[in-house]
Amino acid sequence: PNDFVANVREIKDILRAFGRADMPMVSTEHGFSAPAGVDSELRQMNGMVRQQLILLGEGFKFALPFVVKDYGGDFADCPEGDYGIFYNLTLELPNRRWSSRCVSPRPVAAALAAFSEVLDGFRPTAVIDTLGDTVLGYAYQNAQGATTIAPMRSASDRTGSHA
């Protein structure tokens, strides 16, 4: 959604145009809103893992999802939704939505942990864009020469499994 890949590549094109293609790129606030509920939480999980794969596959040195814990509709009745990796379980701080003394993981937390374990020590080596109109992938390689491939379907393609 929102031309995420095209926007990331546009940033890279701008850096190249200004002679700064070697400038390290970082992302500190990307995410996927998910109000409480199984369908939206699975969509968030798939979307955030997809965003991580894209950012790292496109050469970002660091990618941190926004935000660590929920601040939206679950407890603060906020129309912005919930972008957190963890539920904010502290109900007594309604005016301090970004604070919490107690958290619990959303499904996306386990997915990002697994993603991190699989790609630990790997660096992106190639974009794989020959898998069809709705599938994009990246190849990653570690220092020992082992390669792993991460294909993912477009968020709008609901015909198969997601990243």
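**Before selecting anything**

This is a predicted model, in which local features need pLDDT of at least 70, side-chain atom pairs count only at pLDDT 80 or more, and totals for chains, interfaces and linings use all residues. Residues are numbered from 1 along each chain as its sequence is written, and side-chain values use heavy atoms, with hydrogens and water left out.

**Stop 1: the whole chain**

Show the protein chain as a cartoon. Its secondary structure comes to four helices and seven strands; helices (H or I, at least four residues) and strands (E, at least two) are DSSP runs, numbered from the N terminus. Followed from the N terminus, the elements run α-β-α-β-α-β-β-α-β-β-β. Of the 163 residues in the protein chain, 36% are buried. Buried stands for under 20% relative accessible area, exposed for over 50% and partly exposed for what lies in between, with a 1.4 Å probe and protein chains only. Among contacts in the protein chain with a separation of 6 or more, 45% are between residues 24 or more positions apart; contact means heavy atoms within 4.5 Å.

**Stop 2**

Select residues 122-128 for strand E5, residues 135-142 for strand E6 and residues 147-153 for strand E7. These three strands form an open sheet in the order E5-E6-E7, with antiparallel pairing. Two strands pair if DSSP finds at least two bridges between them. E5 and E7 are at the edges with a single partner strand each, so one side of each has no neighbour in the sheet. From one strand to the next, the twist averages 25°.

Now keep E6 selected. Seven of the eight residues of E6 are buried. Towards E5, the pairing of E6 runs over six bridges; towards E7, seven bridges join the strands. Colour Ala 139 of E6 to see both sides: Ala 126 stands opposite Ala 139, and Ile 149 in E7 is the bridge partner of Ala 139.

**Stop 2**

Axes are lines fitted to C-alpha atoms, for helices over the stretch in contact, and angles run from 0 to 180 degrees between N-to-C directions.

To see the contact between H1 and H2, show Phe 4, Val 5 and Val 8 of H1 with Gln 51, Ile 54 and Leu 55 of H2.

Zoom in on Gln 51, which lies in H2. Is Gln 51 buried or exposed? Gln 51 counts as buried, at 9% relative accessibility. Leaving aside neighbours within four places in sequence, Gln 51 is in contact with Phe 4, His 30, Gly 31 and Phe 32.

**Stop 3: helix H2 and helix H4**

Finally, select residues 107-119 for helix H4; H2 and H4 pack at an angle of about 30°, with their axes 8 Å apart.
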